[in-house]
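Let's take a friendly walk through a protein structure. Have the sequence and the 3D view at hand, and follow along one stop at a time.

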Amino acid sequence: MKNYTSINDIDNINTWIGEAIKIKQNRLKNKELGKNKTLGLLFFNSSLRTRLSTQKAALNLGMDPIVMNVSGDAWGIEFGDGTIMDGNTAEHIKEAAAVVSQYCDIIAVRAFPSLTDKKKDESEHVLKSFIEFASVPVVSMESATGHPLQGLTDAITIFENSTKKRPKVVLSWAPHIKALPHAVANSFVQAMQKMDVEFVITNPEGYNLNSKITKKTTIYHNQEEAFKDADFIYTKNWSSYDDYGTILSTDTNWMITREKIENAKFMHCLPVRRNLVVEDAVLDSDSSLVIEQANNRTYAAQLVLKKILENN
Ligand code: CP
């Protein structure tokens, strides 16, 4: 594996989960592997977990992480081919990616979608430009359409907390005041499709995710029906995909409550807005796995970096 930019880069999710758990049990075992290697973390958008857990993963492997907030701190980057650069952008991605490659052995990039231009977002122009013009491997720390480090983390967390051979996992939309990307939900769907779980999605009408990602996964528009006998309820807001980037509903009846989840474990990638997406009584209960998920972000990232270091 050269780059890690999608859940589709995982050849066997069960093997990967097993490897991640071994890393978690002895996180400093490969401390020599990344010695004298540098991980560059480039953020076009905000982050708490990804920023810290990916650096922690690099440190556990003996790598030296360097971090840059690209939006604001770097020169404005131009991605257009043949553009006359007489506007706000001062440096072309051709030079920027090549230059970062002089300083880093692996480049990790976070770049969210615009949510205004579906075609451009789906082209993954930022991530793909880094892959094209960097001379070193590239890792997605969340792109326009996917968050594969989070998806891998969530698969690990479900495996660790499952008491059944084939648990029922539900992905539920929840209300939010802002138009949010589809990336986390997309990668979670792709990860669950690779696992041996009973997986269903529930969202209001108009909120179906990209059918090229959901494929044959059952989608309920009735949350109560979907939650029946659930072992894991993974919650996330996303804006409409069909009416791209639009908020069609803020129906508070979709908020996750203690009563709704019954015996299921609650999952969310964080950050989460309390009492809008999910009520306090869920997050503050033993049913919540959100901190375990955040912890597992380190080991998912460490596994990905380890595989890239071993293969390049
Ligand atoms: N879950 C996640 O990616 O968190 P951050 O946006 O804080 O990195």
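This is a predicted model: local features need pLDDT of at least 70, side-chain atom pairs count only at pLDDT 80 or more; totals for chains, interfaces and linings use all residues.

Our opening stop is Asp-229, which sits in the loop that runs between helix H10 (223-227) and strand S10 (232-236). What is the phi of Asp-229 near? The value is near 60 degrees, which is positive in a residue other than glycine. As background, most residues other than glycine have a negative phi. Asp-229 has 57% relative accessibility, and because exposed means over 50%, this residue counts as exposed.

You will find Glu-124 in the loop between helix H5 (118-122) and helix H6 (125-133). Is Glu-124 buried or exposed? Its relative accessibility is 10%, and since buried means under 20%, Glu-124 counts as buried.

Next comes the backbone at Leu-270 and Pro-271. These two residues are joined by a cis peptide bond, with omega at about 5 degrees. In general, most peptide bonds are trans. Pro-271 belongs to the loop between strand S11 (265-267) and helix H12 (280-283).

Glu-259 reaches 71% relative accessibility, so it counts as exposed, the cut-off being over 50%.

The surface also carries a nonpolar patch, made of Ile-66, Val-99 and Tyr-103, and together these residues have about 290 Å² of accessible area. Tyr-103 is part of helix H4 (residues 93-103). With 55% relative accessibility, Tyr-103 counts as exposed.

Our last stop is a pair of cysteines. Cys-104 has 5% relative accessibility and therefore counts as buried. Cys-269, at 9% relative accessibility, counts as buried too. How many disulfides does the structure hold? The number is zero. For readers new to the term, a disulfide is a covalent bond between the sulfur atoms of two cysteines.

Note on methods: Residues are numbered from 1 along each chain as its sequence is written. Side-chain values use heavy atoms; hydrogens and water are left out. A disulfide is a pair of cysteine sulfur atoms within 2.5 Å. Buried means under 20% relative accessible area, exposed over 50%, partly exposed in between (1.4 Å probe, protein chains only). Patches are made of residues with over 30% relative accessible area and no salt bridge: like charges are joined within 9 Å, nonpolar side chains (Val, Leu, Ile, Met, Phe, Trp, Tyr) within 5 Å. Accessible areas come from the Shrake-Rupley method with a 1.4 Å probe; for residues, only the protein chains shown count as cover. A salt bridge is a side-chain nitrogen of Lys or Arg within 4 Å of a carboxyl oxygen of Asp or Glu. Helices (H or I, at least four residues) and strands (E, at least two) are DSSP runs, numbered from the N terminus.
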